[in-house]
Amino acid sequence: MKRNIVIATVAAAALIGGGAFAASASGDDDSAPVRGKTNVQTVADDRDDSRDDDRDDDSRDDTPRTATAEVTAADAVAAALKHTSGTAVSVDLEDDGADRWEVEVVKSDGTEYTVRVAADTADVLGAQRDDDSDGRDELAALRGTTVTAEEAARAAAAKGTVVEVDLDDDGPAVWSVQTTQGEWTVDAKTSTVTQERDDD
């Protein structure tokens, strides 16, 4: 009796399994994997997609965004100062996909403004007062210097496309300039360009 039950159970399992196998083999869903086989096309597609993603990331890393900026750092400073008078103490090409320069301008009373300049047209996109900053220290550091942020950007342009200019007022004031070819220091009195070296 037990033997008959066991045989009936095995036969039923074989019928159910065979039916499921036949249904999956004849189904309309092309993406359903067939028992015993790997969906090779899907795996290959996933690998290709991941390779494409890697290539896209690599190409973004290898091609600096600054290559597409039509407006130079010096031109961005000039446009910002035409809109908001004062002293430019930094200019930075935003790398968040916004395609704009941000120029920090300090007025004679120490109030500081961020002026946004389009990287393709030099149009001023807007200006915002920074209530948390006091630019008087930067103005004091620039006292007695003759080289402006705009002039520092032009001087360093021979060392690659300028992406950032910032006032370094630790000690005698100098302009710290980043280009596509490295980091440079521009003397705030003579506009002499020297390569920055790590203290290490």
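Residues are numbered from 1 along each chain as its sequence is written, and side-chain values use heavy atoms, with hydrogens and water left out. Because the model is predicted, local features need pLDDT of at least 70 and side-chain atom pairs count only at pLDDT 80 or more, whereas totals for chains, interfaces and linings use all residues.

The protein chain contains 5 helices and 8 strands, where helices (H or I, at least four residues) and strands (E, at least two) are DSSP runs numbered from the N terminus. Along the sequence, these elements follow the order α-α-α-β-β-β-β-α-α-β-β-β-β. Of the 200 residues, 27% count as buried; buried means under 20% relative accessible area, exposed over 50%, and partly exposed in between, with a 1.4 Å probe and protein chains only. The accessible surface of the protein chain comes to about 13000 Å², and carbon and sulfur atoms account for 46% of this area. Accessible areas come from the Shrake-Rupley method with a 1.4 Å probe, and for residues only the protein chains shown count as cover. Among contacts (heavy atoms within 4.5 Å) with a separation of 6 or more, 43% join residues 24 or more positions apart.

In soluble globular proteins, nonpolar side chains tend to be buried together. A nonpolar core is defined here as a set of buried Ala, Val, Leu, Ile, Met, Phe, Trp, Tyr and Cys residues joined through side-chain atoms within 4.5 Å. The largest such core has 33 residues, of which Val91, Trp101, Val103, Val117, Val165 and Trp175 touch the most other members. At least two core residues each come from H3, strand S1 (87-93), strand S2 (100-106), strand S3 (112-118), helix H4 (136-142), H5, strand S5 (162-168) and strand S6 (174-179). Helix H3 gives the most, with 6 residues. Leaving aside neighbours within four places in sequence, the contacts of Val103 include Ala76, Val77, Ala80, Val91, Tyr113 and Val117.

Ala119 lies in the loop between S3 and strand S4 (124-130) and is buried, with a relative accessible area of 6%. Not counting residues up to four places away in sequence, Ala119 touches Ala69, Glu70, Val71, Leu93, Asp99, Arg100 and Trp101. The C-alpha atoms of Ala119 and Arg100 are 4.6 Å apart, although the two residues are separated by 19 positions in sequence.

The model has 5 salt bridges, each being a side-chain nitrogen of Lys or Arg within 4 Å of a carboxyl oxygen of Asp or Glu. Asp75 pairs with Arg154, the closest N and O atoms being 3.5 Å apart. By contrast, Glu102 and Arg100 are both buried, and they form a salt bridge with closest N and O atoms 3.0 Å apart.
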